[in-house]
Amino acid sequence: MKTVTVNGIEFSHDDIFNVVDDFYTRVQNDPLLRVPFESVHDWPEHIKRLTHFWWMRFGGDHYMPISYDPVEKHFLAGFNREFLTQWLFLFDETLKTHLPPAQVALWKLISERMGDSLTMKNDALKRSHGSL
């Protein structure tokens with residue numbers, strides 16, 4: 001079984017896949033979040049890509065020929081603080097369903113920091129495009 005260790009906490013590839021798979025099923029059923037995700041037409045592929053993204057974010061080996069540009073994608077999808085707040089809430093619920101507390105706490109912290117960074121970059125893009 002493939003595993004990766006982040007700050008002394010181990011995640012298996014299956015841990016990551018199970019969270020991502022369940023989370024994006026919840027996203028598709030969420031009245032707010034499903035709107036920016038309407039651009040996703042191949043959910044199984046999206047889940048594979050996001051599993052790979054998190055695997056790499058946690059230090060795992062790159063195993064898919066994909067480069068990620070989350071700032072641009074989220075900007076074009078209309079990302080905003082309201083979406084982030086709901087995303088983090090739903091993600092936290094999903095984490096708690098699948099993982100023990102130590103894994104939940106670490107992944108939640110990482111996702112919150114990434115969300116804050118993405119929000120700042122998104123706001124800068126809005127300003128540079130005259131959208132604010």
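Buried means under 20% relative accessible area, exposed over 50%, and partly exposed in between (1.4 Å probe, protein chains only). This is a predicted model, in which local features need pLDDT of at least 70, side-chain atom pairs count only at pLDDT 80 or more, and totals for chains, interfaces and linings use all residues. Residues are numbered from 1 along each chain as its sequence is written, and side-chain values use heavy atoms, with hydrogens and water left out.

Q: Which residues of helix 1 are called buried?
A: His13, Ile16, Val19, Val20, Asp22, Phe23, Tyr24 and Val27 are the buried residues of helix 1. The helix is a DSSP run (H or I, at least four residues; strands are E, at least two), numbered from the N terminus.

Q: What covers the buried residues of helix 1?
A: The cover includes strand 2 (9–12), helix 2 (43–57), helix 4 (81–98) and helix 5 (101–128). Contact here is heavy atoms within 4.5 Å.

Q: Why is the pair of helix 2 and helix 5 called roughly perpendicular?
A: Their axes cross at roughly 100° and come within 12 Å. The axes are lines fitted to C-alpha atoms over the stretch in contact, with angles from 0 to 180 degrees between N-to-C directions. Angles of 65 to 115 degrees count as roughly perpendicular (under 35 roughly parallel, over 145 roughly antiparallel, the rest oblique). Helix 2 and helix 5 are therefore roughly perpendicular to each other.

Q: Which residues make the contact of helix 2 with helix 5?
A: Phe53, Trp54 and Arg57 of helix 2 meet Trp107, Ile110, Ser111 and Met114 of helix 5. By class, the residues of this contact are five nonpolar, one polar and one charged.

Q: What makes Asp22 and Arg26 a salt bridge?
A: The term needs a side-chain nitrogen of Lys or Arg within 4 Å of a carboxyl oxygen of Asp or Glu. The closest N and O atoms of Asp22 and Arg26 are 3.0 Å apart, so the pair qualifies. The two residues are four apart in helix 1, about one helical turn. Arg26 has 23% relative accessibility and counts as partly exposed.

Q: How many salt bridges does the structure hold?
A: The structure holds six salt bridges.

Q: Which parts does the salt bridge of Arg81 and Asp116 tie together?
A: The side chains of Arg81 and Asp116 meet at 3.5 Å, N to O. Arg81 lies in helix 4 and Asp116 in helix 5, so the pair ties together parts that are 35 residues apart in sequence. Arg81 at 44% is partly exposed, and Asp116 at 39% is also partly exposed.

Q: Are Asp92 and Lys96 buried or exposed?
A: Asp92 has 12% relative accessibility and counts as buried, whereas Lys96 has 55% and counts as exposed. The two form a salt bridge with closest N and O atoms 3.1 Å apart. Both lie in helix 4, four residues apart, about one turn of the helix. Elsewhere, salt bridges with shared partners join Asp22, Arg26 and Glu93 into one network.

Q: What makes the phi of Asn7 worth a note?
A: Most residues other than glycine have a negative phi. Phi of Asn7 is near 50°, a positive value in a residue other than glycine. Asn7 is found in the loop between strand 1 (3–6) and strand 2. Its relative accessible area is 69%, so Asn7 is exposed.

Methods: Ala, Val, Leu, Ile, Met, Phe, Trp, Tyr, Cys and Pro count as nonpolar, Asp, Glu, Lys and Arg as charged, and the others, Gly among them, as polar.
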